[in-house]
Amino acid sequence: AALGGAYSAAGEGASGVFYNPAGTALADRQEFEISHNDWLQGLRNENLAYVRPLSETYTVFGGANLLLSGAMDKYDASGAKTGSFNSQEGAFNLGLSVGLGGEYYAAAALKKLYQKADKNSVGAWAGDAGLLKISGDLRFGAAVSNFGSKIKLGSSAFDLPRILRAGAGKRLNDQFWFLADVVKAGESKKLSFPVQILAE
């Protein structure tokens, strides 16, 4: 979060699952990450990521990203309170990354998206993919998230919020990373340009 999403070139191991899955190919051991955020009004965000190298070439990974609302008041059309309900949404993915040789890495993942509000729920299938290139102290990454089927709510169908990322990172003095990304989210024509310095 502190990097503002400038992570398509630097994320590796379990840290790369949600930004550029090709970074999972750099894991040299099993990794498991979990994060928990309590927000306002009972909102909670839970993230889990797991990476397991199968060989020097192949790595499997998976992740879950959940947003949970807690109890909210429910009203009828006249404005009278009729009880309470909660909402949930989540994304669950499973994928494979591979070393292509020449310090090139690639990955693809299948993702299940899920949303629920009260008694109504919807789901859709999607995919993520990424590429990563390492050249000395430089890294270059590109990823696309949420390409796939539409999500249907009642009689309406909506495109998934596709996210395109590309970026570069440079290692400085074996202690800092200079990171810069370009991010395009959904149908918006606007681009964001997160630029950060990461100290290790």
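How many salt bridges does a search of the whole structure find? The search finds six, a salt bridge being a side-chain nitrogen of Lys or Arg within 4 Å of a carboxyl oxygen of Asp or Glu.

1. Basis. This is a predicted model, in which local features need pLDDT of at least 70 and side-chain atom pairs count only at pLDDT 80 or more, while totals for chains, interfaces and linings use all residues. Residues are numbered from 1 along each chain as its sequence is written, and side-chain values use heavy atoms, with hydrogens and water left out.

2. Glu12 and Arg139. One of the salt bridges joins the side chains of Glu12 and Arg139, at 2.8 Å from N to O. Glu12 lies in the segment before strand 1 and Arg139 in strand 9 (residues 138–148), so the pair ties together parts that are 127 residues apart in sequence. Strands here are DSSP runs (E, at least two residues), numbered from the N terminus. Arg139 is buried, with a relative accessible area of 11%, whereas Glu12 is partly exposed at 34%. Buried means under 20% relative accessible area, exposed over 50%, and partly exposed in between (1.4 Å probe, protein chains only).

3. Other salt bridges. Arg29 pairs with Asp28, the closest N and O atoms being 3.1 Å apart. Arg29 is exposed at 53%, and Asp28 is exposed at 62%. Asp73 and Lys81 also meet through their side chains, at 3.2 Å from N to O.

4. Cores. The largest nonpolar core has 13 residues, of which Val17, Val51, Phe61 and Tyr105 touch the most other members. Such a core is a set of buried Ala, Val, Leu, Ile, Met, Phe, Trp, Tyr and Cys residues joined through side-chain atoms within 4.5 Å. Strand 2 (44–53), strand 7 (104–117) and strand 8 (120–135) are the elements that give two or more residues to this core. Strand 7 gives the most, with three residues. Apart from this core lies another, of seven residues, including Ala91, Val122, Ala124 and Leu160.

5. Phe18. Phe18 lies in the segment before strand 1 (31–38) and is partly exposed, with a relative accessible area of 28%. Not counting residues up to four places away in sequence, Phe18 touches Asn47, Leu48, Ala49, Gly63, Ala64, Asn65 and Arg165; contact means heavy atoms within 4.5 Å. Phe18 and Ala64 are 46 residues apart in sequence and 9.1 Å apart in space, C-alpha to C-alpha.

6. Tyr50. Tyr50 lies in strand 2 and counts as partly exposed at 32% relative accessibility.

Key:
Helices (H or I, at least four residues) and strands (E, at least two) are DSSP runs, numbered from the N terminus.
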